[in-house]
Amino acid sequence: MVVLLESKEDEINWDSFWEKINEYKLEKSTKIVFYICTEYLGMNIKYKVDSKEYINEEYLQILLNDIMNHGVFGKSNEEETFARAAAFNGDENEASPLKQYLKVFFPPVKRFMENYSYAEKYKILIPVAYIHRAFRCIVNKDISNKDKSRFIIHGLSVIKERSPIMEWLEL
């Protein structure tokens, strides 16, 4: 992002850019990313973004640690990936980390029905679809059994840690 902004800064229509950012309600998170790019990655562009009002040092350090530990080149494991995804996918009205954790195992029916057409056609088979989904997750070889068990044991604590960051970023 830094390389892109530094090399294409003069071609960017900043008014249009911020209009789109505001339309999608991403102003705060975008300004925080600009802050990280400027303060930690040395981004040097003529267009200045005032981000300081949004910075919370505690959350910023957690976010930076997360980026460094789990970014493209960081160490990663499926357990943390699931938990971060669950924290990110929390509904606005359901901020409870426990509800987010349980939604990993029991997602809303609408979200997984397309993969289980029999349950979509015959609503009485929805419980069977949940069991079918659980079985598919258990036998999934793409995720190690170690990561599966770690998520079951530690996933809720990771979600609890990440949820405030997502709220801070307004994502």
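The questions and answers below concern a predicted model.

Visitor: Which pattern does the chain follow when read along the sequence?
Guide: The secondary structure comprises 10 helices and zero strands. Read along the sequence, the pattern is accordingly α-α-α-α-α-α-α-α-α-α.

Visitor: What percentage of the residues of the chain count as buried?
Guide: A residue is counted as buried when its relative accessible area is under 20%. The chain has 171 residues, and the share that count as buried is 34%.

Visitor: How do the residues of the contact of helix 2 with helix 3 divide into nonpolar, polar and charged?
Guide: Helix 2 contributes Trp-14, Phe-17, Trp-18, Ile-21 and Asn-22, while helix 3 contributes Glu-27, Thr-30, Lys-31 and Phe-34. By class, the residues of this contact are five nonpolar, two polar and two charged.

Visitor: Is Lys-25 buried or exposed?
Guide: Lys-25 belongs to the loop between helix 2 and helix 3. Its phi is near 55°, a positive value in a residue other than glycine. Its relative accessible area is 66%, and the cut-off is over 50%, so Lys-25 is classed as exposed.

Visitor: Is Ser-29 buried or exposed?
Guide: Ser-29 is found in helix 3, which covers residues 27–39. Its relative accessible area is 8%, which is under the 20% cut-off, so Ser-29 is classed as buried.

Visitor: Which residue has its backbone oxygen 3.2 Å from a polar atom of the side chain of Ser-29?
Guide: A polar contact requires a pair of N or O atoms within 3.5 Å. The side chain of Ser-29 has a polar atom 3.2 Å from the backbone oxygen of Leu-26.

Visitor: Which residues is Ser-29 in contact with, leaving aside its neighbours within four places in sequence?
Guide: Contact here requires heavy atoms within 4.5 Å. With those neighbours left aside, the residues in contact with Ser-29 are Leu-169 and Leu-171.

Note on methods. Residues numbered from 1 in each chain as written. Predicted model: local features only at pLDDT ≥ 70, side-chain atom pairs only at ≥ 80, totals over all residues. Heavy atoms only, no water. Helix = DSSP H or I, 4+ residues; strand = E, 2+ residues; numbered from the N terminus. Buried < 20%, exposed > 50% of the residue type's maximum accessible area, 1.4 Å probe, protein only. Polar contact = N/O pair within 3.5 Å; in protein donor to acceptor, adjacent residues only side chain to side chain. Nonpolar A, V, L, I, M, F, W, Y, C, P; charged D, E, K, R; others polar.
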